[in-house]
Amino acid sequence: MALYTAEVIWSRDGQKFIDNRYSRKHVLRFDGGIDVAGSSSPHVVPAPGSAIDAVDPEEAFVASLSSCHMLWFLYIAADQGFIVDHYHDAAEGVMARNAEGKLMMTVVTLRPEVRFSGDRQPTRAELDELHHRAHEECFIANSVKTEVRCEPRESMS
């Protein structure tokens, strides 16, 4: 078992709050020491409430699925003796209402383009199988129905 952590940090910094016009820009801090600018989606909260130059949760979700698929694809391709030179995915997620009327990411479409080199080039069937296996192994794709818990801690005052 492995434990993965992320911190999400936001401060009011003197902004008015109750008027609901505060900035949604925040920091996503990862255990490797990287800070990434985060925000709500400008599709949900229009600018200036959202920062268009930051990663929103919906984008992060799509990127997480795409990245996990790619990492498994590269591993499986290497294991089968295929040399991958370049991998580019223009992934896309669609936000819509589910049967209960709640907004959710209803579909994420990965559109990877892969360039290979060397004498051994995959056939279309082999390429499809590489992607199928990568999808089957992807931790994030296998987690989409994950239980999400909220365990609030005492306020820091």
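1. Aspartate 53 and lysine 25 form a salt bridge through their side chains, at 3.5 Å from N to O. Here a salt bridge is a side-chain nitrogen of Lys or Arg within 4 Å of a carboxyl oxygen of Asp or Glu. The partners sit in distant parts of the chain, 28 residues apart: aspartate 53 in the loop between β3 (35–38) and α1, lysine 25 in the loop between β1 and β2. Aspartate 53 is exposed at 59% relative accessibility, and lysine 25 is partly exposed at 36%. Buried means under 20% relative accessible area, exposed over 50%, and partly exposed in between, with a 1.4 Å probe and protein chains only.

2. A word on the source: this is a predicted model, in which local features need pLDDT of at least 70 and side-chain atom pairs count only at pLDDT 80 or more, while totals for chains, interfaces and linings use all residues. Residues are numbered from 1 along each chain as its sequence is written, and side-chain values use heavy atoms, leaving out hydrogens and water.

3. How many salt bridges are found in the whole structure? The search gives 5. One of them joins the side chains of arginine 124 and aspartate 128, at 3.1 Å from N to O. These two are 4 residues apart in helix α2, so about one helical turn separates them. Helices (H or I, at least four residues) and strands (E, at least two) are DSSP runs, numbered from the N terminus. Arginine 124 is exposed at 60%, whereas aspartate 128 is partly exposed at 39%.

4. Arginine 120 and glutamate 126 make another salt bridge, at 3.9 Å from N to O. Arginine 120 is partly exposed, with a relative accessible area of 38%, and glutamate 126 is also partly exposed, at 29%.

5. Proline 48 belongs to the loop between β3 and α1.

6. The largest pocket holds about 1,600 Å³ of space. Of its 38 lining residues, the closest to the centre are Ala60, Phe61, Ser64, Ile140 and Ser143. Which element gives the largest share of the lining? That is α1, with 11 residues. β2, α1 (57–79) and β6 (103–109) each supply at least two lining residues. For the method: on a 1 Å grid over the protein atoms alone, a pocket is an open set of points where a 1.4 Å probe fits, with protein on both sides within 12 Å along at least five of seven lines, and lining residues have an atom within 4 Å of a point. Grid points are joined across faces, edges and corners, and the volume is the space filled by probe spheres set on the points.

7. Finally, alanine 141 lies in the segment after α2 (124–137) and is partly exposed at 21%.
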